[in-house]
Amino acid sequence: MEEKKMIHLVIDDVNVEVEEGTTILSAARKANIDIPTLCFLKDINENGDCRMCVVEVEGRRGLATSCIQKVEEGMVVHTHSKDVVEARKMVLDLTVSNHHRDCLTCIRSGNCELQALAIKYNVQNVKYDGKKTKNVVDDKSPSIVRDFKKCILCRRCVSTCKKVQEIGAIDCTGRGFDSCISTAGDISLNDSNCVFCGQCIESCPTGALHEKDDTEKLWEKLYDKDIIKIAQTAPAVRAGLGEEFGEELGYNSEGKMVTALKRLGFDKVFDTNTGADFTIMEEANEFIDRVQGNKTLPMITSCCPAWVRFAEKNFPDELSHLSSCKSPHQMFGAILKSYYAKKLNVDPSKIFVVSIMPCIAKKYEITRPEMEEDGLRDVDCVITTRELARMIKQKDLDFNSLEESNFDDDIKFSGTTLIKVKDGEIDETYENADEIEEELQELLEEAKENTK
Amino acid sequence: MKTIEELHKIGEEKRKELELRVNTNLDIREKHILVCHGTGCTSSKSPEILNNFNKIIKKKKLTNVRAIMTGCFGICSKGPIVIIRPENTFYSMVTPDDCEEIIEKDIIKGERVERLLCKDVTGKMVERLNDLDFYKKQKRIALKNCGVINPEDIDEYLAFDGYKALEKVLKEMSQDDVIKEVTDSGLRGRGGAGFPTGKKWSFVKIEEAKQKYVVCNADEGDPGAFMDRSILEGDPHCVIESMIIAGYAVGANKGYIYVRAEYPIAVHRLEVAIKQAKSYGLLGKKIMGTDFNFDLEIRLGAGAFVCGEETALLESIEGKRGQPRLKPPYPAHSGLWGCPTLINNVETYANITRIILNGAKWYSSIGTETSKGTKVFALGGDVNNVGLVEVPMGTTLREIVFDIGGGIPNGRKFKAAQTGGPSGGCIPEEHLDTPIDYESLSNIDSMMGSGGLIVMDDSKCMVNIAKFYLEFTVSESCGKCTPCRIGTKRMLELLQKICEGKAKEEDLTNLKNLALGIKKASVCGLGQTAPNPVLSTMKYFEDEYKEHIIDKKCRAKECKELTQIVIDKEKCKGCDLCKKACPVSAISGEPGKVHEIDQSKCIKCRTCLQKCPFKAIG
Amino acid sequence: MENCMDKKVRKETKEILSKFKKSKDYLIMILEEVQSKFGYIPQVSQMEISEYLDIPVAEIYGVVTFYSRFTTKPKGKYNVSVCLGTACFVKGSKAILERAKQKLGLEEGETSKDGKFSLDSTRCVGACGLAPVFTINNEVYGKATVKKLDEVIDEYMKKD
């Protein structure tokens, strides 16, 4: 491999050597010199719009954009000169002047990049006050809330949506001061081709994009003594929840999570993994049916609601490829309100099923029309890992010192009880996994025979 | 397809026919009626005039006369303009109904239609176009063919050395020879910033790439500027020829002309010209029998001032929002679709053919030390002769405003001249004797810009003018970077406060700091220069800003909140003219008695001021 | 269900598209044609263009709303447009615009409920020699005064 040419430059009196093609920003960070950024998102959004990362390059007119501009041999860079700091302060003054400054009640307070920079650069009063761009909140979708008042037009969400997710539901529209990030025709995200993957929320530096909060609705139910509150948690939640309480990334907090959910008021806490088992079996059945019946192949999973919506919006003629199975938590919800309700001998309308999920598209999924049986929703509420963490904090639970408990095991896979679901109804019950495997093997053999 | 010999023949024969267009003293019976078809004259019915002439000529079976459309003559305020050649008789403000009389009297009887002859500022009748003071200090290089040839006839272009420069380049010159000639001429970019043209060409030439492009920036968005439009309308082939030459010099075989869709006439003439050039083999493959290929396409700008910025223009050609790119890399290195791209403005190209034909030495003998050649200005505002002027660099503003422009109308006094449009500044009386070139204008806090030159008389409020330019910038800012997107809006809001008398003294400091900050931190030229109109007026007319803030007074009475239009009881004779003129019936009073203005109804349109014969309203 | 109007727009947009290569750089040229065909750029057209050029419709909307010549709503039968270029401004075009707003009861960019009038301001129509200037559709009215504007608009008000 050809070796890259090395470039030598001086940043704040420090000699730095980096490969040709490196930006000033990454050269500086390599030398442990930090330059503030706001719109920059490495490899995704590199357009130099916000002007926070400007630096002074000796001998050059104006200020250089460090997140984009490449190093040159012999360059002398100042990252915190008077001009530079004044420019950054002005940028912050201006950004703040067009921002809805309700930090006290903002979901991102304490975790907001604009707030952090404003504090760092001592923005203590609002220097310029005037008209604000757009005073609208789009909360029509079940998943995402877009608060235009807090958008700083960094376009990180646009790049993520367009370049990473390749959806292109939002883009920069309008011009000048009236520019805003919007959908085609300024319609609600709910009515657009947005698939509710939620990646835009991840990339947003402020509170302009956030998940729809369902905790208030849930608290109501948790205090209701007349209903049975059942939680099911997706596999990822136990791995992500600890982070919110200072645990290491990936820390498995399954036991504490179950305790916390019980303390919040849930009567039963199940593992969505069980639902996944149902789904796998149901999908296998469907697959065999398709092979045997010479029906549409390949068969594609329908477990991810964002993917299903994507397919519906973009490939409406190809939907027959999608499996007709519900996703694990939906299927589990349906079972809880049918099989399990019967088992407990309660009125299914008295059961309130809550899915705790890592993805906001699940909030949308439970609202889909097919996700109900006899007027009862399969799942009544979805909250995300973050919402769960907030609820635990509201309840003043000391999460880290909670004792550990196990999931409820009235319905469980792997070794005890297994059920085979067909067309949404329980078909057979198996006693152990081996039995299932046997049946699957048989079915597959049969399928092979038929396709010959 | 035409061979070089055929092109020569067409040109020579046509030239004989057209000699009367440039030679006033020809003693022949043949006459040409030239009817201006620039945008100004077109919008006051010049096509109908041309049509009428043709109808009458046909009806009367006249054989020694032809009526022809031409490009702009320059003096737009006198339009629609009709010129009779070879005499160069100049009829102004002609209407379609005047055609009969012009044919009868002038063409048939050889007399002048006196009532249509143009009067100069002093009221003196001017018979010939070249007798007008307006033309005396001008030197036409870029506008040489404007108003002389029919822009929709390539043969007429060939008659005046058309495509001879291209022939010379392809036959006798290497790529480097061409670039050297352009470099030696001292030509600098006429789009505003004044980058040396030859240098730009050499940057593109040295790039090694499979594909390079040549682009013509015809997105003339400066409000009140129409130089480029007039060149495209009056002499489209000269831009096309120069672009082919540029393509040859830098090694590009594809060109784009990016022109505002708001210029339908220019677009149409370009389309016609490109079609003609293609049919003559001047565009396409193996041009003039050489191995050089070059193709040209038109791209329309859809109404965004920022697309005049070269990188925003490239984005727009690529079909995107016209948001500027960060530089470096410069377009010469990475332009259209990442390929090396040469971008020059219309007027810059318009100079190239003349430089090739007449030589760098000739060109560089015109102008000042640092700025060579001529510059075209669109002269407008409070000046007697509104129109297009081309003067050698180094001409003073005073010469342009007073000698060429004929001074300030209505007995008013000169207050400021604005150059460089929304990127430039207001130049006060004290700097009127500055010889115009790139450096001298930026030394007095303005800039050359593309060539808009707006004159303002002493009835204008300079704070209001600054506000006007900021309004423009705010509505034209692309919204990409924070300083320009939010900063210019905040500047405008501060100016509004000042104009409404609601500002405090510290607002002035804030305004200035913000202006300086925006200049430094914005991404592109639009943002970096947007504060200039404010900074220059704050410098030269600071007392007016202070008056608005401290005394809550607008001396020009333009800022409505600080102004009341009142009738002087002493002077009012009750003639009733103001009452009749008032569009909102805000004036009351019996005829013969003193009138009064109802301030709650008055919209300050100032119509009454102009109507009052006794100067009683103010 | 798609209504007749949408169907017609879709068909005519497709006709326009067939004249262009499937290349993204023709987007603005296509939009120009659509704008002049319908007097605005209908949502349906944007969706057709999106499919043809394989560009997200939000991006097309971003382009449409960036350029001031493009509109997403139909303009009035008579579009009154006051030039706010510098030459016209210095000659008092702001007062003309203010009067036009008052007279038509419209703000800039608005269309009257009956679809008869719309009001705009433009940047330099290039008739600086006739400043101040306003236009109604393609007709240019030079050396304008508030009174002249009133008279001209009154004329149009009498028309259908």
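Mentor: Two residues are in contact if their C-beta atoms, placed from the backbone, lie within 7 Å. Keep in mind that this is a predicted model.

Trainee: What makes domain 2 and domain 3 of chain A neighbours in contact, and how many residues are in contact?

Mentor: By that 7 Å limit, 10 residues of domain 2 of chain A are in contact with 11 residues of domain 3 of chain A. Domain 2 covers 95-211 and domain 3 covers 215-447, with domain 1 at 6-80. On the domain 2 side that touches domain 3, the residues are 5 nonpolar, 4 polar and 1 charged.

Trainee: Why are H7(B) and H11(B) called roughly parallel?

Mentor: Helix H7 (residues 164-172) of chain B and helix H11 (residues 236-250) of chain B pack at about 15 degrees. Angles under 35 degrees count as roughly parallel, and H7(B) and H11(B) are therefore described that way. Their axes are 9 Å apart, and their crossing is left-handed.

Trainee: Which residues meet where H7(B) packs on H11(B)?

Mentor: From H7(B) come Ala165(B), Leu166(B), Val169(B) and Leu170(B), and they meet Glu241(B), Ile244(B), Ile245(B) and Tyr248(B) of H11(B). The class count for this contact is 7 nonpolar, no polar and 1 charged. Glu counts as charged, and Glu241(B) is one of the residues in H11(B) that take part.

Trainee: What makes H8(B) roughly perpendicular to H14(B)?

Mentor: The angle between helix H8 (residues 175-185) of chain B and helix H14 (residues 346-358) of chain B is about 105 degrees. The range for roughly perpendicular is 65 to 115, so H8(B) is roughly perpendicular to H14(B). The axes of H8(B) and H14(B) are 10 Å apart.

Trainee: Which residues of H8(B) and H14(B) meet?

Mentor: Glu181(B), Val182(B) and Ser185(B) in H8(B) meet Ile352(B), Ile355(B) and Ile356(B) in H14(B). By class that is 4 nonpolar, 1 polar and 1 charged.

Trainee: How do you know what percentage of the residues of chain C count as buried?

Mentor: A residue is buried if 20 or more other C-beta atoms lie within 10 Å of its own. Of the 160 residues of chain C, 52% count as buried. The C-alpha atoms of chain C fill a box of roughly 50 × 30 × 25 Å along the principal axes.

Trainee: How is chain C built, in helices, strands and domains?

Mentor: Chain C has 7 helices and 4 strands, in the order α-α-α-α-β-α-α-β-β-β-α along the sequence. Its domain 1 is 4-66 and its domain 2 is 78-158, and the C-alpha centres of these two domains of chain C lie 29 Å apart. Of the contacts in chain C with a separation of 6 or more, 60% join residues 24 or more positions apart.

Trainee: How many residues of chain C are in contact with chain B, and which element gives the largest share?

Mentor: Under the 7 Å limit, 38 residues of chain C are in contact with 44 residues of chain B. The elements of chain C giving two or more residues include helix H2 (27-38), helix H4 (57-66) and helix H7 (146-158). H2(C) gives the largest share, 5 residues. The side of chain C that touches chain B has 20 nonpolar, 9 polar and 9 charged residues.

Trainee: And how many residues does the contact take from chain A and from chain C?

Mentor: That contact takes 12 residues from chain A and 11 residues from chain C. Strand S8 (residues 171-173) of chain A supplies the largest share of the chain A side, 3 residues. The chain A side divides into 4 nonpolar, 5 polar and 3 charged.

How values were computed
Residues numbered from 1 in each chain as written. Chains lettered and ligands numbered in written order. Predicted model: local features only at pLDDT ≥ 70, side-chain atom pairs only at ≥ 80, totals over all residues. Axes fitted to C-alpha atoms, helices over the stretch in contact; angles between N-to-C directions. Parallel < 35°, antiparallel > 145°, perpendicular 65-115°, else oblique. Left-handed = near helix turned anticlockwise from the far one by under 90°. Domains from an automatic or database assignment. Buried ≥ 20, exposed ≤ 12 C-beta atoms within 10 Å, placed from the backbone.
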